[in-house]
Amino acid sequence: MLNDQLVSYSGVQPSGNLTIGNYLGAIKNFSLYSEKYKTFYCVVDEHAITVRQVPAELRRRTYETLALYIACGLDPEKNTLYVQSHVHEHAELAWILNCFTMFGELSRMTQFKDKSSKHSDNINAGLFTYPALMAADILLYQTDVVPVGIDQKQHVELCRDIAERFNQIHPDTFTVPDPIINKSGMKIMSLADPTKKMSKSDENTNAVVYILDDKDTIIRKFKRAVTDSDTCVSFAEGKDGINNLMTIYSCFTGKTMEEIEKEFEGHGYGDFKLAVGEACAAALAPVQQKYKEILADKSYLEAQMKKGAEEASYYARRTLGKVQKKLGFVKL
Ligand code: TRP
């Protein structure tokens, strides 16, 4: 809690390649959080360098990510949007928390195991202690809830353990946060293999619809979507491909499954796929338009980054100061 308000905190990797899965499953609903919580969204550029980055691309994607979140409906007046490296307290608290995080705990993180097998030429210490930096992000703001995908649940649980360990030695320091896992009901599946989650890192780009894909691309991808040998548009077990397309159509149009079945009675899959593509393109068009406008205005984006960093720093400084004092660091 900060000033009697519940806090929600989430971090996003600087990558412009967000998918409609990210959009429908998470980002679209982010704006609702600001009604109930004091909300922080951080572009985590310091996490990004745990794997090698091309500097110019990292810089460009940091702007793009912020622009995309604003375009998706996150209002910088109602949410604190900022860049991790602009608030130096993150790196400082991360060091301290490293000293409260066990080697064994970090060794058990599945993301570390995955990433170190993917980047076997660069298994650096930052990759290993990534969760301590993530814990610092969260704990600096006395966070109550952390909305994340299921893949990040383990990191949030480790963050809880670190907070509890610290509090046990130095009582009343951190709020212990709860993860909020995006509902699996909203899980959008790959268009090429509808038993697999749609993933922005899928090598088959036809499997994935990106928020920034143009209309022709979107329609082409939906036309190629894998379905089944049935012909009737209905939601049923074993029809993973059609179920997925119906879910997507329902999310973009607000129609129920029954309404969709009725609408496409007597129509083949071809007509339905075209309708899904058109609904998706129509829903994304205003987001894309807004994104273009915002991204073209670098000074606006920099002003938002600056404002966000100032807001975040205020709270971060308070928590870090408290931690340093409890640890016995001399204050001048
Ligand atoms: N590790 C998260 C991811 O890869 C990003 C992240 C960094 C994060 N810090 C965070 C998420 C704090 C939630 C809270 O998606």
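How much area is buried between domain 1 and domain 2, and what share of it do carbon and sulfur atoms give? In this predicted model, the area buried between domain 1 and domain 2 comes to about 1,200 Å². Carbon and sulfur atoms give 78% of that area.

## Domain layout

Domain 1 takes in 7-181 + 298-327, and domain 2 spans 205-291. Between the C-alpha centres of domain 1 and domain 2 the distance is 33 Å. Domain 1 brings 15 residues to the contact and domain 2 brings 14 residues.

## The interface

On the side of domain 1, the residues that lose the most area to domain 2 are I20, L24 and A71, which together make up 43% of what that side buries. Two helices, α1 (20-36) and α3 (55-71), each supply at least two residues of the side of domain 1 that touches domain 2. By class, this side of domain 1 holds 10 nonpolar, 3 polar and 2 charged residues.

Between domain 1 and domain 2 there are 0 salt bridges. The count of residue pairs in polar contact between domain 1 and domain 2 is 2, with both at pLDDT 80 or more.

## Aromatic pairs

The model has 18 aromatic pairs. In one of them, the ring centres of F103 and F128 are 5.1 Å apart and the planes are at 50 degrees, so the pair is tilted. F103 belongs to helix α5 (residues 103-107) and F128 to helix α7 (residues 125-139). The pair links distant parts of the chain, with F103 and F128 lying 25 residues apart.

How values were computed. Residues numbered from 1 in each chain as written. Predicted model: local features only at pLDDT ≥ 70, side-chain atom pairs only at ≥ 80, totals over all residues. Heavy atoms only, no water. Domains from an automatic or database assignment. Contact = heavy atoms within 4.5 Å. Buried area = accessible area lost by both parts, 1.4 Å probe. Salt bridge = Lys/Arg side-chain N within 4 Å of Asp/Glu carboxyl O. Polar contact = N/O pair within 3.5 Å; in protein donor to acceptor, adjacent residues only side chain to side chain. Helix = DSSP H or I, 4+ residues; strand = E, 2+ residues; numbered from the N terminus. Nonpolar A, V, L, I, M, F, W, Y, C, P; charged D, E, K, R; others polar. Phe/Tyr/Trp six-rings, centres within 6.5 Å; stacked < 30°, edge-to-face > 60°.
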